[in-house]
Amino acid sequence: MATKYLLSICIFHLLLIAPPVLSGSRRPISETEIRQKKNECYADIESGLWGQQCKSSMTAKENCALRCLSPICYQLIYESDPLEEGEKDHSRSQEYKYCMYKDSLGESLEGIKGVFEY
């Protein structure tokens, strides 16, 4: 009797857990996870893993950190026009974060570039 009860509980838990796992559903990346991963990228850059060119200036370091954080989103948003010294580009920054969000959910990244242009 106890075995049957335990089996029922196990099956119930599997049914609760299995649908999201089987459907491949994901959860969006959080700001905390982004910040943590970016800090890891900065540490890798400082240690020289990304080469000296990434340590040549704060802007070079930022471009390398963005590439490290999400190569696909960097390619879509920044690769053709990397950040320049002193540049603050709010709309591209928002596009980049949106790209990372969609990528973390496994969604299409088509049409991301230009979404936040004002």
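**Aromatic pairs.** I looked for ring pairs in this predicted model and found two. I took Tyr74 and Tyr78 to begin with. Their ring centres lie 5.9 Å apart and their planes meet at 25 degrees, so I logged the pair as stacked. The cut-off for stacked is under 30 degrees.

I then checked Tyr78 against Tyr96. Here the centres are 5.8 Å apart and the planes stand at 55 degrees, so this pair is tilted. Tyr78 sits in the loop between H4 and H5, and Tyr96 in helix H5, so the pair ties together parts 18 residues apart in sequence.

Tyr78 is buried at 3%. Tyr96 is buried too, also at 3%.

I also looked above the Tyr74 ring. Arg67 lies over its face, 5.2 Å from the ring centre.

**Helix H3.** I checked the length of H3, residues 58-69. Its twelve residues should span 16 Å at 1.5 Å a residue, and the end C-alpha atoms are 16 Å apart, which agrees. Nine of the twelve are buried, so I noted H3 as largely enclosed by the rest of the structure. Among the buried ones are Thr59, Asn63, Leu66 and Leu69. I traced what the buried residues pack against: helices H2 (31-46), H4 (71-77) and H5 (90-104).

**Leu105.** I found Leu105 in the segment after H5. Leu105 and Arg26 are 79 residues apart in sequence, yet 5.3 Å apart in space, C-alpha to C-alpha. Leaving out residues up to four places away in sequence, Leu105 touches Arg26, Arg27 and Pro28.

Conventions
Residues numbered from 1 in each chain as written. Predicted model: local features only at pLDDT ≥ 70, side-chain atom pairs only at ≥ 80, totals over all residues. Heavy atoms only, no water. Helix = DSSP H or I, 4+ residues; strand = E, 2+ residues; numbered from the N terminus. Expected span 1.5 Å × (residues − 1). Buried < 20%, exposed > 50% of the residue type's maximum accessible area, 1.4 Å probe, protein only. Contact = heavy atoms within 4.5 Å. Phe/Tyr/Trp six-rings, centres within 6.5 Å; stacked < 30°, edge-to-face > 60°. Lys NZ or Arg CZ within 6 Å of the ring centre and 35° of its normal.
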